[in-house]
Protein chains: 4
Amino acid sequence: MVIVIQCKDKVGLVAEISKVLANFKLNIISMREFVDTLGNEFFARLEVTTFDDVDSLQKALKGVLPNNASVKVNPNPNKKVILLVTKEHHCLSDILVRNHYQTLGASLQCVIGNHPDLKDLCDRFDVPFHYVPHQDKTKEQFENELKSIIENNELDYLILAKFMRILSPAFIGCFPNQIINIHHSFLPAFIGASPYKQAFERGVKLIGATAHFVTNQLDEGPIITQQTITVNHTFGTKDMVKAGKEIESAVLSKAIQAVFEDRVFVFDNKTVVFD
Amino acid sequence: MVIVIQCKDKVGLVAEISKVLANFKLNIISMREFVDTLGNEFFARLEVTTFDDVDSLQKALKGVLPNNASVKVNPNPNKKVILLVTKEHHCLSDILVRNHYQTLGASLQCVIGNHPDLKDLCDRFDVPFHYVPHQDKTKEQFENELKSIIENNELDYLILAKFMRILSPAFIGCFPNQIINIHHSFLPAFIGASPYKQAFERGVKLIGATAHFVTNQLDEGPIITQQTITVNHTFGTKDMVKAGKEIESAVLSKAIQAVFEDRVFVFDNKTVVFD
Amino acid sequence: MVIVIQCKDKVGLVAEISKVLANFKLNIISMREFVDTLGNEFFARLEVTTFDDVDSLQKALKGVLPNNASVKVNPNPNKKVILLVTKEHHCLSDILVRNHYQTLGASLQCVIGNHPDLKDLCDRFDVPFHYVPHQDKTKEQFENELKSIIENNELDYLILAKFMRILSPAFIGCFPNQIINIHHSFLPAFIGASPYKQAFERGVKLIGATAHFVTNQLDEGPIITQQTITVNHTFGTKDMVKAGKEIESAVLSKAIQAVFEDRVFVFDNKTVVFD
Amino acid sequence: MVIVIQCKDKVGLVAEISKVLANFKLNIISMREFVDTLGNEFFARLEVTTFDDVDSLQKALKGVLPNNASVKVNPNPNKKVILLVTKEHHCLSDILVRNHYQTLGASLQCVIGNHPDLKDLCDRFDVPFHYVPHQDKTKEQFENELKSIIENNELDYLILAKFMRILSPAFIGCFPNQIINIHHSFLPAFIGASPYKQAFERGVKLIGATAHFVTNQLDEGPIITQQTITVNHTFGTKDMVKAGKEIESAVLSKAIQAVFEDRVFVFDNKTVVFD
């Protein structure tokens, strides 16, 4: 059973927490703790022996922690996710397969596409696909349609699996630290459109991908996971796009797995990841 | 200040430990804990605020831990090391430079070579070099000479930095979990002599290096760090040797840094590394 | 258009080959050449401007090359492949998706499983699945059933995508350099069964995967591609299996892509890969 | 013996080149060829059997190549290099050791520092160190002093091994494609000063290093080699600096080795690297 805690730091926090756990006769199998000393913020993730009375434990922990502490005892182990997609299938297909074989660590509720291209793939895995075109609509209208679909589902996380529209601050504000995007470069290099074209023109020897939480600043949100792979002079832009797809789905998969396992904390536009 | 603890596991250990720390008004800046559930062994490494009365703290911790617990409060931050070498310079030179600029995390006491080749390099960095040839001696005589030099120095760790003699169980038994070797393959592949020749003949596409503690079983001791790099059909044995040197010194450097920072625990022929 | 050549080496081969190409007014866009000087074998892969009269060109090249030279001008760019599987889906699903979106670089003819588990997945992508149980049959009977299905299809390569039966020398002999296997370790470490269990028990800090051509020696055939990823003390055997699946499908995918693009040559139980 | 050729592309170039080699009875052991089809530029690197009459061969090759072709037959296998440094020792010490053991692939002529700190290290390896402070001088005066030292030596390449002054276009113009710099980020991320501070503030999960030729655009020259390593939330700026040093010296070492082996071509602000 997992317990995650985030709060202001003070002396003796671990002692207080572990005393509570000992009182409940829980054994700590694995523990990760970190203090951001600049921001005076405390983060902990514990794996403890299973226990039924989650509410009492949560209350007891709250009692020894600073005000406004975030405490989650046995956070939903079956998180609900919705995907936003456009035309590219590689991240979606990876997630569909994992969802199908129940190795995603979450349940895919539905997929929303602003193009109809990926409906066929979702159909093959019996996952509902909602086609919401953006043409001839204001951003507000478009996003209201997205929201009404989302509201008809349970939602823990919204995953932009190569979704090629920029969302408004109003929309993003409805889902704080709940929207995860895969960007096709090793940020902060090549922010914005056509990163592979930029990479080709610069003649880089590495390309990469970045999974991050979405904030109002384009491609500036807290980074969860990044990876790079080597390229060389024989790679044209198309070759980089092709090679990049491999790493995009791998990086997104790794990032969301960490999030679904409650290993990722957000603080001050950065993440703490206990991997 | 670092505290490392290894002992049999039981419920409430973290609570007991952290209560002691809170009583001493110490704040836990960072904590890593792990339980080997198969072996029922508990491992913890804590970074806490600095504190002078180390002995009282150590005694208080011992008091709450199971018998035979290993507890080190502020373990020697200036560990003493001796290197054994033969002819190859790449691991030695890396360590000599770090020692010279005090970034090794330890103090190099001296270097012992069974060939005289590397004396010049040690001289250049004002590090004592002892030439102990192995020819025309029994292994026991040779090792007794090594031991008498070692005994004239302080020693925390003995590092085999491409030392090409096999040490006897009797010698190894004098330095339990204190001898670190760099083996030029990704163990358990290519145990024993000429791993690059074996790798060339097998046509592998990766070569690697392994840093491990030395036990009586050749190349079978607890592994600390391993890395691989890619090779291809153009690599002859010599090219593999050359490429391998780069990774050997990198792996050894990474492994001993973890050991010097008290991040490495040995249990049941394996290591726990809190990196 | 691709041209691949393998033959005994002699002085002037590139001159002869490129003279032929110049006579046909073909421009060499990219060329890779390698001579295995120990084995006196010549390998070349050329990308040249497109040309229709493939037969004349092939004949002209044959005319300037040593006897028994292997020359392929514009080798089948749409190779036909059949997969053998057992129960694990991760390599199969990766290949099914690529085949579906025509990014595999080959055409998947059908899938044969010795268990029925993966029929559902193949059905979802409209790829024929043949269930051929091995129980209550001699190996010869079982393999004859495989062969009769294979013979009803076109075949360039047979891919063992986590196929958990050992094939007989007689069967393997029917498909020389045409059978590709993914082994779940960085060979030659952990040959044979349960490599992750072996890896866990040894306490390695890396696990890997190897794609190789299948020969009569178990896990001893020419290696095409290998990769490793890091693991640590928190990984039990199951965690290694899970982490390994990610790298297995990545390595197999990379290897077969190189094979399908005619970048891989086999010689003397090794491969030359022009990547 | 190595031959490198760079020129405008045309049909039949390889045929012409290889005919010349065959006429001289030279066997091609290994050949890499690449055409930049956008820029219509031809690049080739050949390893051929050894041959004494280099001038005749060079002349014969010139005769069959387009005007202005660059042809180097057996380019200086003992290249002369000078290092510019400031205070950090890690790249310098790596190069000093390789130079000392003659595995650098070049001869280090001398080291020039704008601070005196690294004189001691150069003295230990008997390599001349010139202290040229930049204080109280115009950039022109400072660079004239550098130039007068350089002119007293032979020079193929000038290596900026953590040299922390920006050179003027006039100075750079004197050494076209001869100045190699190591930049402590994965360009184009974090151009300019304090890249690790920028990286820490952005919360990246990767840091990197880039070796590139120096042009008049700061950190914008042709990239030779790049690598990244992972970092996490526990890394402060100082930890990133420390981790970065490891990769900086590795990347610089790899880049200059490729340059010294005549594997690197510059064209259109990019490089072709036949590695």
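Student: How many bridges join strand S6 of chain B to S7(B)?
Tutor: Three bridges. This is a predicted model, by the way. S6(B) covers residues 106–113.

Student: Do they run parallel or antiparallel?
Tutor: S6(B) and S7(B) run parallel.

Student: Give me a residue to look at. What is the bridge partner of B:Gly113 in S7(B)?
Tutor: B:Tyr131.

Student: What sheet are these strands in, and in which order?
Tutor: An open sheet of seven strands in chain B. The order is S7-S6-S5-S8-S9-S10-S11. The pairing is mixed.

Student: Which strands stand at the edges?
Tutor: S7(B), residues 129–131, and S11(B), residues 223–230. Each has a single partner strand, so one side of each has no neighbour in the sheet.

Student: By how many degrees are neighbouring strands turned against each other?
Tutor: By 20 degrees on average, with direction ignored.

Student: New topic: chains A and B. How many residues does the contact take from each?
Tutor: The contact takes 19 residues from chain A and 19 residues from chain B.

Student: Which elements of chain A supply at least two residues to that side?
Tutor: Helix H1, residues 13–23, and strand S2, residues 28–36.

Student: And which gives the most?
Tutor: S2(A), with eight residues.

Student: How do the residues on chain A's side divide?
Tutor: Into 10 nonpolar, five polar and four charged.

Student: Back to S2(A). What joins it to chain B's strand S2?
Tutor: Five bridges. S2(B) spans residues 28–36, and the two strands run antiparallel.

Student: Which residue in S2(B) is the bridge partner of A:Ser30?
Tutor: B:Phe34.

Student: Now chain C. At what angle do helix H1 and helix H2 pack?
Tutor: About 155 degrees, with the axes 9 Å apart. H1(C) is residues 13–23 and H2(C) is residues 54–64.

Student: Is the crossing left-handed or right-handed?
Tutor: H1(C) passes H2(C) in a right-handed crossing.

Student: Which residues meet there?
Tutor: From H1(C), look for C:Glu16, C:Ile17 and C:Val20. They meet C:Ala60, C:Leu61 and C:Val64 in H2(C).

Student: What's the split by class?
Tutor: Five nonpolar, no polar and one charged.

Notes: Residues numbered from 1 in each chain as written. Chains lettered and ligands numbered in written order. Predicted model: local features only at pLDDT ≥ 70, side-chain atom pairs only at ≥ 80, totals over all residues. Contact = placed C-beta atoms within 7 Å. Helix = DSSP H or I, 4+ residues; strand = E, 2+ residues; numbered from the N terminus. Nonpolar A, V, L, I, M, F, W, Y, C, P; charged D, E, K, R; others polar. Pairing = 2+ DSSP bridges. Axes fitted to C-alpha atoms, helices over the stretch in contact; angles between N-to-C directions. Left-handed = near helix turned anticlockwise from the far one by under 90°.
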